[in-house]
Amino acid sequence: MNDRQLLDHHAISPKKSLGQNFLHDPHTLEKIVASAALAPGATVLEIGPGTGNLTHLLAQRAARVIAVEVDDRLIPLLTERFADQAHVEIVHADILAVDIAALVERAPYSVVANLPYYITSAILRVLLEAPHKPERLVITVQREVAERLVATPGAMSLLAVSVQFYGQPQIVARLNAGVFWPRPDVESAVVRIDVYRTPPVAVPDEQLFFRVVRAGFGQKRKQLRNALSAGLHIDKERTADLLGSAGIDPQRRAETLSLEEWAALTRAAAGAGL
Ligand code: SAM
């Protein structure tokens, strides 16, 4: 049965509000699972299994698959489909509300998922900021988001800095809308993020790092001296000192800074007692 027949059989119609575009192309599904390079004992967290197409392949490669689906209508279908596979757990929950560390029993884990696009950033934040982070993520996201994740200085954003602080993102495939049913309005891409054990730049305090970065990006297209002064609530003179001790031209804009420059700015801010 294909997705449409399976859903018809269960009298379910896809919900746009839950980002329900089901990936049916076998070649793409295979590519996603291969990109995860799962070791034989791997634990995988899947977010939004939908009708279970990706789950089915993951179950062949991982020792344990935990699939978290929010749509109660899909739970009986999924439970039935994986009834004879004890290593596949279907969890009925909102991924933004569950205790993920408890769910994976604090084991090392990877995330493999065709994400519901409406909560991509929130999911990335929850996974990457958690004390118990995944080792790797292979996720399908909107193509424009994928390009933003892998951006380099000149086109950085708060999202790019935040993700690159925790891991190395790489686009592994660009997908056209036709591989999904129903066809989404946007194009997609598969991104693999290899999560660092420790951040790639030295900062005295992660919270301060993100305070500085958020302040820098707080005022779109403003020069850093203005954005930081407003965002950190410090006067222009103090802001100029900070930028000076980090070796950053105050006229530059947030999108041009590298991760190392944000770290230097954070160290300067810590030194200035911020
Ligand atoms: N994995 C399936 C596939 O590849 O065909 C479905 C992917 S579909 C793009 C996104 C899935 O995420 C849907 O099944 C949707 O119901 C589910 N979803 C949406 N919001 C969710 C949430 N907050 N927590 C868990 N699952 C969610």
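Select R174 and E147: they form a salt bridge, with the closest N and O atoms 3.5 Å apart. A salt bridge here is a side-chain nitrogen of Lys or Arg within 4 Å of a carboxyl oxygen of Asp or Glu. R174 lies in strand β7 and E147 in helix α7, so the pair ties together parts that are 27 residues apart in sequence. Helices (H or I, at least four residues) and strands (E, at least two) are DSSP runs, numbered from the N terminus. E147 is partly exposed at 37% relative accessibility; buried means under 20% relative accessible area, exposed over 50%, and partly exposed in between (1.4 Å probe, protein chains only).

This is a predicted model, in which local features need pLDDT of at least 70 and side-chain atom pairs count only at pLDDT 80 or more, while totals for chains, interfaces and linings use all residues. Residues are numbered from 1 along each chain as its sequence is written, and side-chain values use heavy atoms, with hydrogens and water left out.

Next, pick E30 and R61, whose side chains meet in a salt bridge (3.0 Å, N to O). E30 belongs to helix α2 and R61 to helix α3, so the pair ties together parts 31 residues apart in sequence. The whole structure has 11 salt bridges.

Now show helix α2 (residues 26–35), where T28, L29, I32, V33 and S35 are buried. They cover an arc of only 165 degrees around the axis, which puts them on the same side of α2; the arc is that of the directions from the helix axis to the C-beta atoms. On the face turned away from the buried side, look for the exposed residues P26 and H27. Just after α2, A37 takes a positive phi of about 40 degrees.

Finally, select the ligand. It is surrounded by 23 residues, the closest being L23, G48, E69, N114 and Y118; a residue counts if one of its heavy atoms lies within 4 Å of the ligand. An N or O atom in the side chain of E69 is 2.6 Å from an oxygen atom of the ligand. The ligand taken alone exposes 600 Å², and the protein buries 98% of that (Shrake-Rupley method, 1.4 Å probe).

Definitions and conventions
A polar contact is a pair of N or O atoms within 3.5 Å; within protein, one must be able to donate a hydrogen and the other to accept it, and residues adjacent in sequence count only if both atoms are side-chain atoms.
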